[in-house]
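Student: I would like to go through some labels and the cut-offs behind them. Please show me the structure to begin.

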Amino acid sequence: FANLESLKYLVLESNRFNGTVDVLESMKNLTILLTRSNSFSGALPDGLFSGTSDNVVVDIGDNKFTGELPTSFANMSNLVSLIGAKNSFVDSATIEDVCDNTTLLVMDCDACECCEV
């Protein structure tokens, strides 16, 4: 995976994969990342999606990701969809700037400053 710098679409849904996704850091041109329903863990790399101006779709729901969402997500005007529910993110992992810049956002409310409960 480390030599796939120009990869645009990565679909790994429902495969029982586990481990960290550090290898994604070199994939700056990703526009679609779908890892729903696996057991990926750890934090998402901070530079994720930094090499593309295309619309970005992210579905990382139902894994074991921890920590916060990458700070780069807050400045992405091209983040169309972010689904991250059913993970182990820290409280308020999704800062308000991500809420303002994302058309579709699905997160667990305890990990999201956007929720109005």
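Student: What makes Arg36 buried, partly exposed or exposed?

Tutor: Arg36 has a relative accessibility of 26%. Buried means under 20% relative accessible area, exposed means over 50%, and partly exposed is in between, with a 1.4 Å probe and protein chains only. Arg36 at 26% therefore counts as partly exposed. The model is a predicted one: local features need pLDDT of at least 70, side-chain atom pairs count only at pLDDT 80 or more, and totals for chains, interfaces and linings use all residues. Residues are numbered from 1 along each chain as its sequence is written, and side-chain values use heavy atoms, with hydrogens and water left out.

Student: Why is the contact between Arg36 and Asp59 called a salt bridge?

Tutor: A salt bridge is a side-chain nitrogen of Lys or Arg within 4 Å of a carboxyl oxygen of Asp or Glu. Arg36 and Asp59 come to 2.9 Å, N to O, so their side chains meet in a salt bridge. Arg36 is in the loop between strand S3 (32-34) and S4, and Asp59 is in strand S5, 23 residues apart. Strands here are DSSP runs (E, at least two residues), numbered from the N terminus.

Student: What is Asp59 called, buried or exposed?

Tutor: Asp59 counts as buried, because its relative accessibility is 9%.

Student: How many salt bridges does the rule give?

Tutor: The count comes to 2 salt bridges. One of them joins Asp54 and Lys8, with the closest N and O atoms 2.9 Å apart. Asp54 lies in the loop between strand S4 (39-42) and strand S5 (56-59) and Lys8 in the segment before strand S1 (9-11), so the pair ties together parts 46 residues apart in sequence. Asp54 is partly exposed at 35%, and Lys8 is partly exposed at 32%.

Student: What makes S5 and S7 a pair?

Tutor: Two strands pair if DSSP finds at least two bridges between them. S5 and S7 are joined by 4 bridges, so they pair, and they run parallel. Val57 has Ser81 as its bridge partner in S7. Strand S7 (residues 79-83) is mostly covered, with 4 of its 5 residues buried.

Student: How do you know that S7 also pairs with S9?

Tutor: S7 and strand S9 (residues 104-106) are joined by 3 bridges and run parallel, and the requirement is at least two, so they pair. Leu104 is the bridge partner of Ser81 in S9.
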